[in-house]
Amino acid sequence: MSGLLRLPARLLRAMEAEAAARPEEEVCGLLSGHGNVADTLLPVENALHSPHAFDMEPAGLLDAMRNIRESGGELVAIYHSHPFGPAYPSRTDVASNQYPEVAHVLIGREGAEWRVRAFRLDDGVGELTLKTVAG
């Protein structure tokens with residue numbers, strides 16, 4: 001995985017809006033595209049409806065993965081929010097990671113603002129450069 005994730009501004013805004021619309025629970029989903037460039041946001045319901053953990057609803061996750069496959073895209077990143085904490089992977093995020101080959105995008109609340117950061121969780125935690133691009 002490259003040290004860079006390119007994310008269109010519209011996807012960044014959509015993730016922030018999703019987190020703001022459900023401020024009492026972690027929101028989650030997938031980002032698809034090609035290589036290190038995301039172009040599609042695929043929200044998936046958090047089956048736990050928890051402010052401190054997420055588990056993607058199985059049927060929604062299967063639908064999102066099918067959408068990626070049928071569109072010819074690739075899984076670029078997994079995203080979720082931390083409604084009461086920073087945009088940094090928790091110990092649970094690292095321990096439960098099942099996709100070390102993709103980026104992990106976190107939307108965290110810092111004061112009244114949402115902040116979005118990207119990480120790799122393949123051999124520990126390493127922050128990726130998140131570059132917002134037009135689109």
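## Helices and strands

The chain has three helices and seven strands, where helices (H or I, at least four residues) and strands (E, at least two) are DSSP runs numbered from the N terminus. Starting at the N terminus, the elements follow the order β-α-β-β-α-β-α-β-β-β. This is a predicted model, in which local features need pLDDT of at least 70 and side-chain atom pairs count only at pLDDT 80 or more, while totals for chains, interfaces and linings use all residues. Residues are numbered from 1 along each chain as its sequence is written, and side-chain values use heavy atoms, leaving out hydrogens and water.

## Overall shape

How does the radius of gyration of the chain agree with that of a compact globule? For 135 residues such a globule would have a value near 14 Å, and the chain has 13 Å, which agrees. (The radius is taken over C-alpha atoms, and the globule rule is 2.2 Å times the number of residues to the power 0.38.) Along the principal axes, the C-alpha atoms fill a box of roughly 35 × 30 × 30 Å.

Buried residues make up 42% of the 135 residues; buried means under 20% relative accessible area, exposed over 50%, and partly exposed in between, with a 1.4 Å probe and protein chains only. Now look at contacts (heavy atoms within 4.5 Å): among those between residues at least 6 apart in sequence, 65% join residues at least 24 apart.

## The nonpolar cores

In soluble globular proteins, nonpolar side chains tend to be buried together. A nonpolar core is a set of buried Ala, Val, Leu, Ile, Met, Phe, Trp, Tyr and Cys residues joined through side-chain atoms within 4.5 Å. The largest one here has 20 residues, of which Leu7, Met15, Leu31, Tyr79, Val105 and Ile107 touch the most other members. Two or more residues come from each of strand S1 (4–8), helix H1 (9–21), strand S3 (37–44), strand S4 (74–82), S5 and strand S6 (113–120). H1 gives the largest share, four residues.

Beyond its neighbours within four places in sequence, Ile107 is in contact with residues including Met15, Tyr79 and Trp114. A second, separate core of ten residues includes Leu30, Ile68, Leu75 and Val102.

The buried residues of H1 are Leu11, Leu12, Met15, Glu18 and Ala19. Seen down the axis, they fall within an arc of 130 degrees, so they line one face of H1; the arc is that of the directions from the helix axis to the C-beta atoms. On the other side of H1, Arg13 and Ala21 are exposed.

In helix H2 (residues 58–71), the buried residues are Gly60, Ala64 and Ile68. They cover an arc of only 80 degrees, which puts them on the same side of H2. Their cover includes strand S2 (28–34), S3 and S4, while the face turned away carries the exposed residues Pro58, Leu62, Arg69 and Glu70. Just after H2, Gly72 takes a positive phi of about 80 degrees.

## A closer look at Asn97

Where does Asn97 lie? It sits in the loop between helix H3 (91–95) and strand S5 (103–110). Asn97 counts as buried because its relative accessibility is 18%. Its side chain reaches the backbone oxygen of Leu121 at 3.0 Å. Leaving out residues up to four places away in sequence, Asn97 touches His104 and Leu121.

Note on methods. A polar contact is a pair of N or O atoms within 3.5 Å; within protein, one must be able to donate a hydrogen and the other to accept it, and residues adjacent in sequence count only if both atoms are side-chain atoms. The expected span of a helix is 1.5 Å times one less than its number of residues.
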